[in-house]
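User: I'm new to reading protein models. Could you take me through this one with a few questions and answers?

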Amino acid sequence: MSELQFLDDLTLRSRVEERELIGRVLAGDPTAERTLYDAHVDRVFRLVYRMAGDLDRAQDYTQETFIRAFSRLAEFRGEAALSTWLGSIAISVTLNGLRKLRRRNEREVALEDGMPVGRFSSPADPDLKSRLAQAIDDLPDGYRAVFVMHDVEGYTHEEIGTSLGVHPGTSKAQLFRARARLREALADFAKD
Amino acid sequence: MDDRFDDLLRDAAREYNQPPETPREEMWARIVAERATEEKEKSEKSAGGVIPIRRLQHLRHFRPLALAAGIAALLAIGIGLGRLTVPPPTSTPAPAAVASETPRVNSAAYRVVTTEHLSQSEAFLTLFRASLRQPGNERLASATARQLLATNRLLLDSPAATDARTRLLLQDLELVLAEIAQLSPQPRSRDLELITEGLEQGGVLSRLRTAVPAGASATQGAL
């Protein structure tokens, strides 16, 4: 058996196992729910934490992701992998949560003294990593999601496209622009 | 140089918001508790109980007409595309060998739907660009962009999407619509600049105008 055949076989088997697991969850088996949660929680939590940058918020958004996933599992048609479907819920919950938070922060700051609103960032310093973190924080949400998913968490453009509801080509273009924005923000490091 | 810097970026980015160990037990306990509460509320509701206030709060922003119109438009486009691109059933069953062939497509019908979509998108983007100096329309623009994005996706995924130039235009349009759909209610000027850049650099608006034949009007105002 070639390596490719072996991998195809493995994917098929894991898809079949996934379908069986989903069937058990839908039938009300609590052990299956926990198995499904255990299989995916790390990946979901990592992505959500990278986007949220805060433990409490990451926990809230991860919980919300699984609550929604369990309640909508019957709608999952298996066109994409379950992990991709969960990723799309996670990214939607996280971006909506962050938008609400930003709106609230902006209202509060406007009431106080009109100071500029940073996201969840530390003050800029000459160190590349913290400057980069600041620059990533400053990216528009869509670019940040694509950059974090692809360059930080290793998602493929197909997975990102499915999660964000866009074509893989759009994901590639957004990544290209996100990197260009980061290069622009860190231009002085590029010269060194 | 760019490649080296990209590698450096990727390496440094791996430490961006480095996640701690997953607090799986803590989260699981809260998921179970929340779901149990939801189940209880559901059973109370089905037993004729009072709907909890927390649930009713979600209805404050419910706009039935807008929602119904959006769903109807999406359904109509979806059903229309389905009817236009799938051949009607014949009285005699097709031989088994035909099953492996690619589905027949009605390219004339696809062109009509695409022209209508491009026309609506052109009207929307023109209005969007004109409204950039008057803040306050971002939420509506974002919702409209999401609807157009859904249609755009259907058109791109259709087996009738064979014309390379139209595909390229739809792909570029998707990028711009995705950016507008992701706009926050109070977008920063840099986000808007980026969208304008995207519109101008790819010549999306001018290509849309070229693609839409004279006289083809957006039958439903996009904004």
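User: Which helix of chain A has the highest mean pLDDT among the elements of that chain?
Analyst: Keep in mind that this is a predicted model. Chain A averages a pLDDT of 83, and 81% of its residues score at least 70. Among the elements of chain A, the lowest mean, 70, belongs to helix α9 (residues 187-191). The highest mean, 95, belongs to helix α3 (residues 55-72) of chain A.

User: How many contacts beyond four places in sequence does the model have for residues 113-125 of chain A?
Analyst: Over this stretch of chain A, pLDDT stays under 50, a point to remember when you look at it. For residues 113-125 of chain A, the number of contacts beyond four places in sequence is 16.

User: Which element gives the largest share of the side of chain B that touches chain A?
Analyst: In total, 33 residues of chain B are in contact with 38 residues of chain A. Elements of chain B giving two or more residues to that side are α1, α2, α7 (164-181) and α8 (189-201). The largest share is 7 residues, and it comes from α2(B).

User: Is B:Asn17 buried or exposed?
Analyst: B:Asn17 sits in the loop between α1 (2-13) and α2 (24-46) of chain B. Its phi is near 45°, a positive value in a residue other than glycine, whereas most residues other than glycine have a negative phi. Because B:Asn17 has 20 C-beta neighbours inside 10 Å, this residue counts as buried.

Key. Residues are numbered from 1 along each chain as its sequence is written. Chains are lettered from A and ligands numbered from 1 in the order in which they are written. This is a predicted model: local features need pLDDT of at least 70, side-chain atom pairs count only at pLDDT 80 or more; totals for chains, interfaces and linings use all residues. Helices (H or I, at least four residues) and strands (E, at least two) are DSSP runs, numbered from the N terminus. A residue is buried if 20 or more other C-beta atoms lie within 10 Å of its own, exposed if 12 or fewer, and partly exposed in between; C-beta atoms are placed from the backbone. pLDDT is the predictor's confidence in each residue, from 0 to 100. Two residues are in contact if their C-beta atoms, placed from the backbone, lie within 7 Å.
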